[in-house]
Amino acid sequence: MTASSTKSSTLIPQRLCYGPIGSATSDQACMTFKDVTAPGFRQGRYGVCHYHAKALGGCDGPLAFDQVLWFGLELDTRLKDPSKFIAVQYEAEERHNVAVVTGAYLVLGRGWSADEVRQALPEDAALTLPCSWIGLKTSHRTPGMVVQDCWEGVQMARDQGWLSKASVEDGVMTSFAASKFWKTICQYDGAWLAPGDVFVMADPMTTISDPNPMTCAAFCSERRADPELAEDSLDELRMISKYSTASSPALLKLNALVLEESTSCGDTEEFVAVSEANFGAASERLEYLGAGGQPDGTSTHTVCKAYRLGTRDAKGHGEWPDAKPFVDFLLEEDIKGVVRVNKPDERGLAEVGGSYDARQLAKFGIRHADVFVSDAISNGTGAVPPNAIVRRFISVAKDMNTEGDGAILVHCKGGFGRSVFLACILVIYRYDVSGRSLLGWARIARPGAITTPEQEAALRSLSGRVDLCRRYGISCEGDGSMPRTQACCTVS
């Protein structure tokens, strides 16, 4: 920490300042992460639902969407007392996360621009946030993402109408948005990147195979299928999958060894608590090494769930109705197209019987396409899709939304790297936003997202739709931008 960073910075004269622990004066009321009492804030600890902290490597931020909102609500509540001069304070090791949520509040609650926050907190704007899972991969390039990217992302979400001032000043709205976000991640391991339009998640079979009682436990509800659906209608829907690279194997029963314990998505003392012994056992028996590092040389940039990790009694069990089958969730959320980016038999999926049979989606009128992207470390791309794959993906997405209705779901095996990168490309294409702001937003909206420095760099280099089209050889005519009704975990 530099000498200047030991002093507090005034953000709102006589109302709000920001600095390290010990920098407040006697007339100021201190506020730290420990003072945010909402359970959903999880005491300001970074975590990725369904994964133990060991799997995250050197990544420890930014905090998740719901944590950003809970901090903002607490700060806004304190600032409503005109007699108080609030001093937001941080420990050195949590400075980057405190900076993110403080700046997010200024953007949402006070209408600041990300650039105005940067001018007020220039040192904090430049603080780096290591790439997700970075400590577990062979790639150790300097992380490109900084706190400023997160502020840009929150401003983008505000300007797009995905978030509003109410999200940090109305406790009911905060609770609704935070709960919806948390429930979706816990039950389906996914999140809205562009609410009501683009959803990202893990391969649903990785979640269905999870013995945690909170998670979705079935692919579809057969009673919802239409047995009279004509074969020619199925053929028409299958045409959408003309880019398919592999057929899906039949779902096999989950190996009994993973049924003994469930992975917690809790916000208690131990976030996704797990004993060292359990972690070691799961690593040996499931060959789980987080984001790669497998001993047989087939290392990948993606992550695999280790189902034995965690506690038997998952936090939240009984708080919500049982998770609906995956397809019921799609129908409820008006998701009419699914793009699978992973192969059905990748490591981490093969152990639980492989991916799903896409023909099941056709029975419910949901379009599907396979656009495979390699996640192998050995090819040196950092799991950044080739230009031709990006063009194909945009074409598939446009085909799925010819009538401009219905959202698109994009998933890979873990739902953090390849799928999020392509989903970001689609959002840039449709909404004409910068890759830098979208990187910051993705890491907040989908904790653990963007798994390599190469993916970070590729996103941060894109200034908007025209730049994207020029870079990847995509026509910008008929860009397919479709304003959508906001939904799910946002407050508009």
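Colleague: Is Cys 469 buried or exposed?

Modeller: Cys 469 is buried, at a relative accessible area of 3%. Keep in mind that this is a predicted model.

Colleague: And what does Cys 469 form with Cys 476?

Modeller: A disulfide, with the two sulfur atoms 2.4 Å apart. A disulfide is a covalent bond between the sulfur atoms of two cysteines.

Colleague: Is Cys 476 buried, partly exposed or exposed?

Modeller: Cys 476 is partly exposed, because its relative accessible area is 29% and that class lies between 20% and 50%.

Colleague: Which hand does the link have?

Modeller: The link of Cys 469 and Cys 476 is right-handed, with 120° about the S-S bond.

Colleague: How many disulfides does a search of the whole structure find?

Modeller: One.

Colleague: Where does Cys 59 stand on accessibility?

Modeller: Cys 59 has 5% relative accessibility, so it counts as buried. Cys 216 counts as buried too, with 1%.

Colleague: Now helices. At what angle do H5 and H15 cross?

Modeller: Roughly 90°, and their axes come within 7 Å. H5 covers residues 147–159 and H15 covers residues 435–445. The angle makes H5 roughly perpendicular to H15.

Colleague: Which residues make the contact?

Modeller: On H5 they include Cys 150, Val 154, Met 156 and Ala 157. On H15 they include Arg 436, Leu 438, Trp 441 and Ile 444.

Colleague: How do the residues of that contact divide by class?

Modeller: The contact of H5 with H15 has eight nonpolar, four polar and three charged residues.

Colleague: What about H14 and H16, how do they cross?

Modeller: The axes of H14, residues 418–431, and H16, residues 453–460, cross at roughly 0° and come within 11 Å. So H14 is roughly parallel to H16.

Colleague: Which residues make the contact there?

Modeller: H14 brings Arg 418, Phe 421, Cys 424 and Ile 428. H16 brings Gln 455, Ala 458 and Leu 459.

Colleague: And how many of each class?

Modeller: Five nonpolar, one polar and one charged in the contact of H14 with H16.

Methods
Residues are numbered from 1 along each chain as its sequence is written. This is a predicted model: local features need pLDDT of at least 70, side-chain atom pairs count only at pLDDT 80 or more; totals for chains, interfaces and linings use all residues. Side-chain values use heavy atoms; hydrogens and water are left out. A disulfide is a pair of cysteine sulfur atoms within 2.5 Å. Buried means under 20% relative accessible area, exposed over 50%, partly exposed in between (1.4 Å probe, protein chains only). Axes are lines fitted to C-alpha atoms, for helices over the stretch in contact, and angles run from 0 to 180 degrees between N-to-C directions. Helices (H or I, at least four residues) and strands (E, at least two) are DSSP runs, numbered from the N terminus. Angles under 35 degrees count as roughly parallel, over 145 as roughly antiparallel, 65 to 115 as roughly perpendicular and the rest as oblique. Contact means heavy atoms within 4.5 Å. Ala, Val, Leu, Ile, Met, Phe, Trp, Tyr, Cys and Pro count as nonpolar, Asp, Glu, Lys and Arg as charged, and the others, Gly among them, as polar.
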